[in-house]
Amino acid sequence: MKVGIIGLPQTGKKTLFQILSGNEIKESSKAFKPVPGSADILDSRFNKLVEMYEPKKNVRARIELVLLPKMEAETISRGEIFRDIADMDAICHVVRSFEDDSIYHAEGSVDSRRDFEMVNSELVLHDQIFVEKRIERLEAMVKKIKDEDQQKELVLMHKLKDILEEEKPLRLIELTDDEEKMIRSYPFITRKKMVIAVNVSEEDLDNEAFLSPFKQSCETLEIEVMLVSAKVEAEIAMLDTQEEKDEFLEGLGIGQTALESLTGLCLKSLNLISFFTVGKDEVRQWLVGNGAKAPRAAGVIHSDLERGFIRAEVFKYNDLMTSGSEAELKKAGRIYVEGKD
């Protein structure tokens, strides 16, 4: 899962990226280049399983994070940022909602709604320009040779153009398998899943009112939204133990760090779920599409397991926590043998 972090200058996205990934960014001439990083996907169930099995090794699933260049006039005109975004599975757009006189704002004032709409408009415009150019090319080709596939694509492109002209993202359109195949290689950005991280000051971290400017639009545009404070995350990162971090979060009245919230929303928007393989040797977290059948889950572990799949022994996390051990689960008849379906 590769998530690109975007935003206007001075929104706190670089600070957030550094904290989430543990990568320290030094100012250099690579200002227009993406900066790669990664982070564990945090899941409280994983911690409980490690406590229970005490494995020799434990491996969390990971998320690839990529800090993309600032969304400003120069990077937009150069165009590379759109190619970088097209390579992502999802986008995290960091929007500034904190006031700080010592940190300038590119637009002269803090207005999170305005900034959100400005960036969205740029993404829609990128896809609209691509569609219009593709329509011109297809119309020229269809005039020369009556090709059925090209005519079908032309119809689809007009459908995409209509929704983009309404300033709506392409993720709102339901496409058939054939239509998906037609545009799979095209660099559409607004087909990507998106999470908005509203960066607020420490005292506003539990203030849901900062989400109200986005809620209706985000529901309509199929965007997830969360509150985050890069300043608070920096303070959490400096604490040594998990116990200290939990106490700090409890004192602020919040239940999750930004990484937990972000990865949870990314999994939700990409329709992915976690499953776990457990034992004394190893506890490991894996990701699979929601609704996938057992052979597909086996294939995530190794392609040979999918090809030679016969059955899987499965038990539910909540049942395990209630019973306390696999032995008790067996006694209760709560371990299931699942076949290919």
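## The whole protein

Of the 341 residues of the protein, what percentage count as buried? The share is 41%, where buried means under 20% relative accessible area, exposed means over 50%, and partly exposed lies in between (1.4 Å probe, protein chains only). Please keep in mind that this is a predicted model, in which local features need pLDDT of at least 70 and side-chain atom pairs count only at pLDDT 80 or more, while totals for chains, interfaces and linings use all residues. Residues are numbered from 1 along each chain as its sequence is written, and side-chain values use heavy atoms, with hydrogens and water left out.

The protein has 15 helices and 11 strands; these are DSSP runs numbered from the N terminus, with helices (H or I) of at least four residues and strands (E) of at least two. Its C-alpha trace spans about 70 × 60 × 40 Å along the principal axes. A contact means heavy atoms within 4.5 Å. Among contacts with a separation of 6 or more, 64% are between residues 24 or more positions apart.

## Helix 5 and its two partners

Two packed helices are described by the angle between their axes and the distance between the axes. Axes are lines fitted to C-alpha atoms, for helices over the stretch in contact, and angles run from 0 to 180 degrees between N-to-C directions. Helix 5 (residues 112-144) packs with helix 8 (residues 212-221) at about 25 degrees, and their axes are 10 Å apart. Helix 5 is therefore roughly parallel to helix 8, since angles under 35 degrees count as roughly parallel, over 145 as roughly antiparallel, 65 to 115 as roughly perpendicular and the rest as oblique. On the helix 5 side the contact is made by Ser112, Arg113, Phe116 and Asn120, and on the helix 8 side by Pro213, Phe214, Ser217, Cys218 and Leu221. These divide into five nonpolar, three polar and one charged; Ala, Val, Leu, Ile, Met, Phe, Trp, Tyr, Cys and Pro count as nonpolar, Asp, Glu, Lys and Arg as charged, and the others, Gly among them, as polar.

Helix 5 also packs with helix 6 (residues 148-165), here at an angle of about 150 degrees with axes 9 Å apart. That angle makes helix 5 roughly antiparallel to helix 6. Residues that meet here include Val124, Val131 and Leu138 in helix 5 and Leu154, Met157 and Leu164 in helix 6. By class, the contact of helix 5 with helix 6 has 10 nonpolar, four polar and seven charged residues.

## Helices 9 and 10

Val232, Glu235 and Ile236 of helix 9 meet Lys245, Phe248, Leu249 and Leu252 of helix 10. This contact has five nonpolar residues, no polar ones and two charged ones.

Which order do the three strands of the open sheet follow? They run 3-9-8, with mixed pairing; two strands pair if DSSP finds at least two bridges between them. Strand 3 (57-59) and strand 8 (272-277) are the edge strands, each pairing on one side only. From one strand to the next, the twist averages 20 degrees.

Strand 8 and strand 9 (residues 282-289) run antiparallel and are joined by six bridges. A hairpin of four residues connects strand 8 to strand 9, and Ser274 stands opposite Leu287 in strand 9. Helix 2 (residues 44-53) packs on the sheet, touching strand 3, strand 8 and strand 9, and its direction makes about 150 degrees with that of strand 9. Helix 12 (residues 294-301) packs on the sheet too, touching strand 8 and strand 9, with its direction at about 125 degrees to that of strand 9.

## A look at Lys48

Let us finish with one residue. Lys48 lies in helix 2. Lys48 is partly exposed, with a relative accessible area of 43%. Leaving aside residues up to four places away in sequence, Lys48 touches Tyr317 and Met321. Lys48 and Leu8 are 40 residues apart in sequence, and their C-alpha atoms are 39 Å apart in space.
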